[in-house]
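Me: I want to go through this model with you. Can we start with the terms and then get to the residues?
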Amino acid sequence: KIDEAKLETFLNEFESEMSLGSVMESNRVVGGSPVAFPSPWMAFVKVQRTDANGEKFSAQCGGSVIASGWVLTAAHCVDGAIGIGVKTGQVDWREGEWAVATDYFVDPLYDPGSYGVGDTALVQVATPTNVQPIFVARPEDSSLYPAGTTATVAGWGLTSSGGETSYLLQEGSFPIQSTSDCRDSFFSFDADENICAGFQAGQSSGPVGSCKGDSGGPLIVSSGDSRTMIQIGTVAYGREVCTSLDFPGVYMRIAAVYNMIDTAVG
């Protein structure tokens, strides 16, 4: 639970950091391209924490609006947060107004010491987000995204481990990999909870996918029905800082936590 009495101070700190162009702010999806028109449900998530010495520091993540007032992101983004701010529907995250979180909920199975275990969280904001939400994948939607399906990730994370700074939203598309290939890359990969995706050597001239700073952002595919597109995953982790041609990116499987999400947001 976030102390509502600190919301105004926290928001002012956000604006101060934004005007100073903090070096901790975003670059972009590795191998991606600029987004011309933002999806209204795309969310930039700014998180404030304290380190072991009690000093405050900020980090960024991605997220998605899945219902009015609710943003889906990664548990490792918000676990232990003392403040969370969200902006939605922006290409340049410096534009628009902050919606400040009053509460957040982490998957009870989340284990910060294990990769890809329960790494899902829901952020509740003080002001309802009046935008069209993204549809999230249901358990029965798994047939819509077998291995080889083209998926798209979007975010403001690094272009590479030494990428240039950018405030503009980027996106990249790449194939979902098979369970066997995912297990070859990650011994901890759990097909019930995780999805991995990215190009392999020979499939692309360079890697395309998520990177540091994209955590919690959406992985989406075409639904082939009236929903148009659905979110099937959230950025979780990778073997290296960014997705590479040697190791893909790993995403939490939204269908696996659909019931938890549905219960929380109603």
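Reply: Terms, then. A strand here is a DSSP run of E with at least two residues, and strands are numbered from the N terminus. Val106 lies in strand 6 by that rule. Keep in mind that this is a predicted model.

Me: Is Val106 buried or exposed, or in between?
Reply: Val106 is partly exposed, at a relative accessible area of 26%. The cut-off for buried is under 20%, so Val106 does not count as buried.

Me: What does Val106 touch, leaving aside neighbours within four places in sequence?
Reply: Val106 is in contact with Ala75, Val78, Asp79, Thr120 and Ala121.

Me: And how far apart are the C-alpha atoms of Val106 and Leu122?
Reply: They are separated by 6.6 Å. Along the chain, Val106 and Leu122 are 16 residues apart.

Me: Step back. How many helices and strands in the protein chain?
Reply: The chain has four helices and 14 strands. It runs to 266 residues, and 53% of them count as buried.

Me: What share of the contacts with a separation of 6 or more is between residues 24 or more positions apart?
Reply: Such pairs account for 71% of those contacts.

Me: Now the largest nonpolar core. Which residues touch the most other members?
Reply: Ile66, Val78, Ile84 and Val123, out of 40 residues in that core. Strand 2 (42–50), strand 3, strand 4 (70–73), helix 2 (75–78), strand 5 (83–88), strand 6 (99–106) and strand 7 (121–125) each give two or more residues to it. The largest share, five residues, comes from strand 2.

Me: Why would nonpolar side chains gather like that?
Reply: In soluble globular proteins, nonpolar side chains tend to be buried together.

Me: Take Val123. What is it in contact with, beyond four places in sequence?
Reply: Gly69, Trp70, Val71, Thr73, Val78, Ile84, Ala101, Asp103 and Tyr104. Apart from this core lies another one of 17 residues, among them Phe174, Ile176, Ile232 and Ala255.

Me: Ile176, then. Where is it found?
Reply: In the loop between strand 10 (170–175) and helix 3 (179–185). Ile176 is buried, with a relative accessible area of 6%. Its contacts outside four places in sequence include Tyr145, Pro146, Ile195, Val221 and Ile232. The C-alpha atoms of Ile176 and Ile195 are separated by 7.5 Å, and the two residues are 19 apart along the chain.

Me: Back to Thr73, which came up with Val123. Buried or exposed?
Reply: Thr73 is buried, at a relative accessible area of 0%. It sits in strand 4.

Me: So what lies 2.8 Å from a polar atom of its side chain?
Reply: The backbone oxygen of Gly62. Thr73 also touches residues including Cys61, Gly63, Asp119, Ser215 and Gly216.

Me: Lys87 next. Buried or exposed?
Reply: Buried, with a relative accessible area of 1%. The cut-off is under 20%, which means Lys87 qualifies. Lys87 lies in strand 5.

Me: Which backbone oxygen does its side chain reach at 3.3 Å?
Reply: That of Arg94. The backbone oxygen of Gly96 also lies 3.3 Å from a polar atom of the Lys87 side chain.

Me: Last one. What is the phi of Thr228?
Reply: It is positive, about 70 degrees, although Thr228 is not a glycine. Thr228 is in the loop between strand 12 (218–222) and strand 13 (229–238).

Me: Buried or exposed?
Reply: Thr228 is exposed, because its relative accessible area is 52% and the cut-off for exposed is over 50%.

Technical notes. Residues numbered from 1 in each chain as written. Predicted model: local features only at pLDDT ≥ 70, side-chain atom pairs only at ≥ 80, totals over all residues. Heavy atoms only, no water. Buried < 20%, exposed > 50% of the residue type's maximum accessible area, 1.4 Å probe, protein only. Core = buried A, V, L, I, M, F, W, Y, C linked by side-chain atoms within 4.5 Å. Contact = heavy atoms within 4.5 Å. Polar contact = N/O pair within 3.5 Å; in protein donor to acceptor, adjacent residues only side chain to side chain.
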